[in-house]
Amino acid sequence: MAGLVDWESFGVMTGGASGALTGLLFVAVSLNADRIARHPGLRAIAAQTLVLFMAPLAMATAVLTPRQPGWVLGTELMTAGLCGGLSLLVIGWRKRGPGSADARLAGLFDRRDTGIVVMVLMVAGGAVLASGAPEGLYALPPASLVAFVSGVLSAWNFLLPPPAML
């Protein structure tokens with residue numbers, strides 16, 4: 001795809017940020033593993049945050065794959081967006097199972113809606129690319145930004161919940 005070279009810096013920056021945030025999430029979860037293990041809602045939020053941080057990594061990997069046609073990139077983005085959206089829905093369904101205290105805790109930190117926005121942007125951008133229009137790439141920056149901001153807020157909140165919620 002001719003214009004894809006222009007997106008290389010975006011892919012490198014997004015992939016690097018995604019990898020760094022994913023690594024920091026693993027450190028944060030391991031430092032708070034006992035508390036997170038006691039709350040199914042916190043475990044679900046950690047999983048949601050992981051999906052949000054991995055989505056831009058999938059985007060970057062697809063964008064940086066050399067010499068692929070636009071329809072292939074579009075198909076990869078649609079597949080990643082659909083898989084990420086399905087993961088968020090499954091995590092959301094599992095979150096509904098805990099008792100009332102855990103349900104309140106999970107509801108307080110729920111970032112599923114913004115996560116779905118990320119996945120919809122990936123799928124939409126991929127569909128536009130697959131149809132032959134390189135403008136679909138312009139859906140990726142807002143998707144990445146929403147994923148990073150939502151993931152960081154979610155991680156911050158579930159690592160430092162209000163004392164009344166614990």
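Modeller: The model is predicted. Thr22 is in contact with Leu50, Phe53 and Met54, leaving out residues up to four places away in sequence.

Biologist: Where is Thr22 found?

Modeller: Thr22 belongs to helix H1, which covers residues 8-31.

Biologist: Is Thr22 buried or exposed?

Modeller: Thr22 counts as buried, because its relative accessibility is 9% and the cut-off for buried is under 20%.

Biologist: What does its side chain reach?

Modeller: The side chain of Thr22 reaches the backbone oxygen of Ser18, at 2.8 Å.

Biologist: Now the core. How many residues has the largest nonpolar core?

Modeller: It has 22 residues. Those with the most contacts inside it are Val63, Leu73, Leu77, Val118, Met119, Leu137 and Leu140. Two or more residues each come from helix H3 (40-64), helix H4 (70-95), helix H6 (112-130) and helix H7 (140-159).

Biologist: Which element gives the largest share of this core?

Modeller: H3 does, with seven residues.

Biologist: And what is Met119 in contact with?

Modeller: Setting aside neighbours within four places in sequence, Met119 contacts Val51, Ala55, Gly81, Gly84, Gly85 and Leu88.

Biologist: Turning to pockets, how much space lies in the largest pocket?

Modeller: The largest pocket holds about 210 Å³ of space. Ten residues line the largest pocket, and the closest to its centre are Leu4, Val5, Thr65, Pro66 and Arg67.

Biologist: How do the residues of that lining divide?

Modeller: Six are nonpolar, two are polar and two are charged.

How values were computed: Residues numbered from 1 in each chain as written. Predicted model: local features only at pLDDT ≥ 70, side-chain atom pairs only at ≥ 80, totals over all residues. Heavy atoms only, no water. 1 Å grid on protein atoms, 1.4 Å probe; cavity = no way out; pocket = protein on both sides within 12 Å on 5 of 7 lines; lining within 4 Å. Points joined across faces, edges and corners; volume = space filled by probe spheres on them. Nonpolar A, V, L, I, M, F, W, Y, C, P; charged D, E, K, R; others polar. Helix = DSSP H or I, 4+ residues; strand = E, 2+ residues; numbered from the N terminus. Buried < 20%, exposed > 50% of the residue type's maximum accessible area, 1.4 Å probe, protein only. Polar contact = N/O pair within 3.5 Å; in protein donor to acceptor, adjacent residues only side chain to side chain. Contact = heavy atoms within 4.5 Å. Core = buried A, V, L, I, M, F, W, Y, C linked by side-chain atoms within 4.5 Å.
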